[in-house]
Amino acid sequence: MYGLIIALIGFLIYIQSVNFGFTLDDRTVIVENKVTTAGISALGTIFTHPYMYGSVLPDDKIYRPISKAIFAICWTFSPGKPFLFHLFNVLLYALTGFFLFVTLSKYMTNNLAVPFI
């Protein structure tokens, strides 16, 4: 039950962000990136190239295929609209809080207040 409370708090805190637009590096990684905007068909390319591949910026050596793959999948279902991107991030944030609590509570069985806090 505590884990669900944590997930709900995280969800409620960040749900307002679904109405925001694209910001910061969203332009180079999502909106103006020819690989990301190719959607699901670009998953093979995403998993074999650096993070910024497909943008006008020089290639970096950062490798983050999971986040970029999620962006490509979201683009397939909602091209150019940030709502789905933000909603997915809010849900992942809430799940992270839930699973962090579950993991910590397995190691701190005597006192659930510590993992809850």
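A residue counts as buried when its relative accessible area is under 20%, as computed with a 1.4 Å probe on protein chains only. In this predicted model, W75 has a relative accessibility of 13% and therefore counts as buried. The ring of W75 is also part of an aromatic pair, described next.

**Aromatic contacts**

The structure holds 7 aromatic pairs. In one of them, the ring centres of W75 and F85 are 6.4 Å apart and the planes meet at 65°, so the geometry is edge-to-face. Because W75 belongs to helix α4 and F85 to helix α5, this pair ties together parts that are 10 residues apart in sequence. F85 has a relative accessibility of 4%, so F85 counts as buried. W75 and F85 also belong to one aromatic cluster, together with F22 and F71.

A ring is involved in another kind of arrangement at Y51: the charged end of R64 sits over this ring, 5.2 Å from the ring centre.

| Helix | Residues | First to last C-alpha | Expected at 1.5 Å a residue |
|---|---|---|---|
| α5 | 26 residues | 38 Å | 38 Å |

Helix α5 runs over residues 82–107. Its buried residues are P82, F85, H86, V90, A94, G97, F101 and S105. The elements covering these buried residues include α1 (2–14), α2 (26–31), α4 (65–77) and α6 (113–116).

H86 is one of the buried residues of α5; its relative accessibility is 13%, which is why H86 counts as buried. Leaving aside residues up to four places away in sequence, H86 touches S17, V18, F20 and G21.

In helix α1, the buried residues are G3, I6, A7 and G10. Seen down the helix axis, the buried residues of α1 fall within an arc of 95°, so they line one face of the helix. L4 and L12 are exposed on the other side of α1. Cover for the buried residues of α1 comes from elements that include α5 and α6. In turn, α1 and α6 are among the elements that cover the buried residues of α5.

Methods:
Residues numbered from 1 in each chain as written. Predicted model: local features only at pLDDT ≥ 70, side-chain atom pairs only at ≥ 80, totals over all residues. Heavy atoms only, no water. Helix = DSSP H or I, 4+ residues; strand = E, 2+ residues; numbered from the N terminus. Buried < 20%, exposed > 50% of the residue type's maximum accessible area, 1.4 Å probe, protein only. Contact = heavy atoms within 4.5 Å. Expected span 1.5 Å × (residues − 1). Phe/Tyr/Trp six-rings, centres within 6.5 Å; stacked < 30°, edge-to-face > 60°. Lys NZ or Arg CZ within 6 Å of the ring centre and 35° of its normal. Arc of directions from axis to C-beta.
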